[in-house]
Amino acid sequence: MHVKIISNVDAIRFGDKYSGELRLTDHHIIFIHPVASPDGAAIPPNAPRQRESYIAFPIIALCTFRPCPSVTGRPSSIRIRGRDFSLINFLFPNETVAREAFDYIRARTCRLGSIEKLYAFSYQPLKTEKSFDGWNLYDPRAEFRRQGISTKLVDRGWRISLINKDYGFSPTYPALLVVPSKISDNVIKYAGPYRSRARIPVLTYLHSLNNCSITRSSQPLVGFRGNRSIQDEKLVSACFSASATVEFNGLEVSNLDTSEPSPASSQVDLRGSSLEGETTDTERLEDEMINEANYGPQGKRIYGAQQRNLIVDARPTINALAMQVVGKGSENMEYYPFAKKAFLNIDNIHVMRESLNTVIDAIKDGDISKLPPNRELLIKSNWLKHIKGVLDGSALIARQVGINHSHVLIHCSDGWDRTSQLSALSQLMLDPFYRTIDGFIILVEKDWMSFGHMFQQRSGPLSHEKWFVIERDSMAGSAMQPGESDGRAGEAFENAIAGARRFFHRGRNQDTSPDADGDGAGSPSDENSQAKRSSESSAPIETTRPNEISPVFHQFLDATWQLLRQHPTRFEFNERFLRRLLYHLYAGQYGTFLYNSEKQRIDAHVHERTRSVWDYFLSRKHEFLNPDYDAMVDDRQSGRERLLFPKLADVRWWAQCFGRSDSEMNEYLDQAAAHEERIGSYAMTPTGSPNKNGSRSPQPPPSPKPPGLPTTRSVLTAVESAHDALTPDLKNTASLKHSSSADTPGAFAINLAKIRDGVTNIDLGRGLFGGSDRGDSSKSHSPPKSQGDQEMADMPTRESLGYEHEMKNTPKHSLDHSKPSFEAI
């Protein structure tokens, strides 16, 4: 192993300077510095005299080199921002040495050219890890057997299909698919082409007590022509009627007897803390919207609406509508009368990436300054709004399954980003098993790894040239990309022309990545052969595309931490478990997160050539146990119910993740919440106006929400049913006030007609409708704006500068974000 040693290097972090030695290996930056005695106290005899802190090359999100000639008297610097939100600035007395170090780091970070050159393929585990086999911890047959699905058990309406055993049917899906028993593989074969990338509705979770299901899929290929598939409609109908052993149709929660020794999950104590406060108001409003979709104009119940079966489209309504430009879209509920459709208004990967970049801008000076984060940027980022939206949508799904005894089908665009978030989080709320360490690992393996979340593309382990920047001192901080010329005349004009070309050709070209989940009209059509889909989806991508990177899995872990924080006795694992998992998402030490699908991992023989990240956690399980964990489940006792729900008003910054203290990140939120509570307590005193009986009742006035939280009360923005599709002009009295991206029930079809009228008048629309090219210009509407390709150069990520690197005969140390000094975690 080649090692480059540089002496007399200073490292600045949190405004403190440490002098030591920098070592550059093939896979890490190692900074070694003497241990300073605290307050002049003597160092214990057996204490280490120096500390070693590691930075894995793939963890680097931005590396900025600022050369300073020796004659200036100022040191040259290499400033590193980690994807684990670590920040450090190295100072070199010699410009030449600093430049060599910068080139060395860049060559081993963004110029590898192959995933197989990452550390995971040469990593040798310590003895404590060798006895574990994390690759075989998840067995899909065993997990679905735990849920009650097996050929040896009573038929609960589901069966295991091997139609995708060789990944020829859908390359991004798992080999084993669970489908309704009444649906044959022949029906599945013909239903496949109607869903994007043949990701048909399949089961991911079956509730053990009421037999209600959570299924997941990708978007249907509806298009402007209003395409339909009888086989898809039959498949979704079967998913929503597969209740062979338990039937809860029309059963009300209030009628259940909670005195039984083994109550159902729906028998949760509605007075419990998990359902108090603003969450109750939000749930009531959402339920009101869904209930309204069950009735006709005179309050007559619509046939087939006994259950509140839902098709959940995670996208904003306007985004789903825009996808019809390229032949995709959302279900026409006229053909799915047995369910309602709910739009959740969760933004796409580009919005989430930009949100995190704004958070990074708020904390990015943590290496050179001890100042707190920029509060205005934290609020502007809308990060907490997005976390709250994902939690709210997941709670809606969990409530439909666990309390309303209904089936839910979840999808977004391709069904591997927002769908994975909602599916996994709702199961976390429903099933206590997934709140254990082993259960959480199986949940991640099932709903993220097996169902094809694009980890390689969302994480970018091969880095990118744009993340290595040279700052010319004479330009006073202006960033220069390596190899970029100084002449920038006409750049703005050229960018405008290029943007115009992309806009007018987005519906016809194929330049956009086939794996982007951007809800944009530039996504390619799925009207290609099955063989072409297979070849495109199975080929690993050996370069990082910055516009496809997004903190999707990070948001899932953040939302999980919110639940852990709000329900501290309900999870077996602690906060550090989530933080280390986020670190290893980017570190490249294990093979778990290096590929996009189950098929790619098998083709790369990753099980034989790398170690699983679960070996790391299972070999140190005692370090990640929650001392407050209570494994008892008793629906009759508050705090021990099977179900748990988020408290949306109590969403906070995951301060440890961002390398800051809780007071730095959350003080303003806590103060606003305390102020609101005082106002509420004062308002609840019996000083209100008399009611009809002459007595006075409390009249709490509206109180301000904590800054940084969204102003809307629910992520649910629209509910659509077959009745709405047939009578689109009806008004829904229970509609929510929401953002401009959402529509009232039935407006999906109305807006589609309007866009059809407008688009047919321009060249973009020709050939899409099969109608006249003429249109009324007064009815023309502009297509929705696409998100810009926000560079990931500014996207760091979390916990400590160095990571707990397991290298033979090498001590491991890392930086602790919570303290302005180098310490082991």
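**Salt bridges and helix contacts in a predicted model**

At 0% relative accessibility, Glu129 counts as buried, where buried means under 20% relative accessible area, exposed means over 50%, and partly exposed lies in between, with a 1.4 Å probe and protein chains only. Before I go further, this is a predicted model, in which local features need pLDDT of at least 70 and side-chain atom pairs count only at pLDDT 80 or more, while totals for chains, interfaces and linings use all residues. Residues are numbered from 1 along each chain as its sequence is written, and side-chain values use heavy atoms, with hydrogens and water left out.

Let me stay with Glu129. Its side chain meets that of Arg620 in a salt bridge, at 3.0 Å from N to O; by salt bridge I mean a side-chain nitrogen of Lys or Arg within 4 Å of a carboxyl oxygen of Asp or Glu. This pair links distant parts of the chain, since Glu129 sits in helix H2 and Arg620 in the loop between helix H20 (613-619) and helix H21 (662-683), 491 residues apart. Helices here are DSSP runs of H or I with at least four residues, and strands are runs of E with at least two, both numbered from the N terminus. Arg620 is buried as well, with a relative accessible area of 6%.

By the salt-bridge rule, the count comes to 34. Another of these joins the side chains of Asp26 and Arg108, at 3.7 Å from N to O. Here too the pair links distant parts of the chain, 82 residues apart, with Asp26 in the loop between strand S2 (16-24) and strand S3 (28-34), and Arg108 in the loop between helix H1 (95-107) and helix H2 (127-130). Asp26 is partly exposed, at a relative accessible area of 27%, and Arg108 is partly exposed at 25%.

A further salt bridge brings together Arg652 and Asp650, at 3.8 Å from N to O. Arg652 is buried at 3%, whereas Asp650, at 24%, counts as partly exposed. Salt bridges with shared partners join Arg565, Asp650, Arg652 and Asp670 into one network.

What about disulfides, which are pairs of cysteine sulfur atoms within 2.5 Å? The structure holds 0 of them. As for individual cysteines, Cys68 is buried at 5% relative accessibility, and Cys412 is buried at 0%.

I will finish with helix H16 (residues 552-566), whose axis comes within 10 Å of that of helix H10 (residues 383-402) and crosses it at roughly 75 degrees. Axes are lines fitted to C-alpha atoms, for helices over the stretch in contact, and angles run from 0 to 180 degrees between N-to-C directions. H10 is therefore roughly perpendicular to H16, given that 65 to 115 degrees counts as roughly perpendicular, under 35 as roughly parallel, over 145 as roughly antiparallel and the rest as oblique. Contact means heavy atoms within 4.5 Å, and here Trp383, His386, Ile387 and Leu391 of H10 meet His554, Gln555, Asp558, Ala559, Gln562 and Leu563 of H16.

H16 also has its axis within 10 Å of that of helix H17 (residues 575-587), and the two cross at roughly 175 degrees, so H16 and H17 are roughly antiparallel to each other. On the H16 side are Phe553, His554, Leu557, Thr560, Trp561 and Leu564, which meet Glu575, Leu578, Leu581, Leu582 and Leu585 in H17.

Note on methods
A disulfide is a pair of cysteine sulfur atoms within 2.5 Å.
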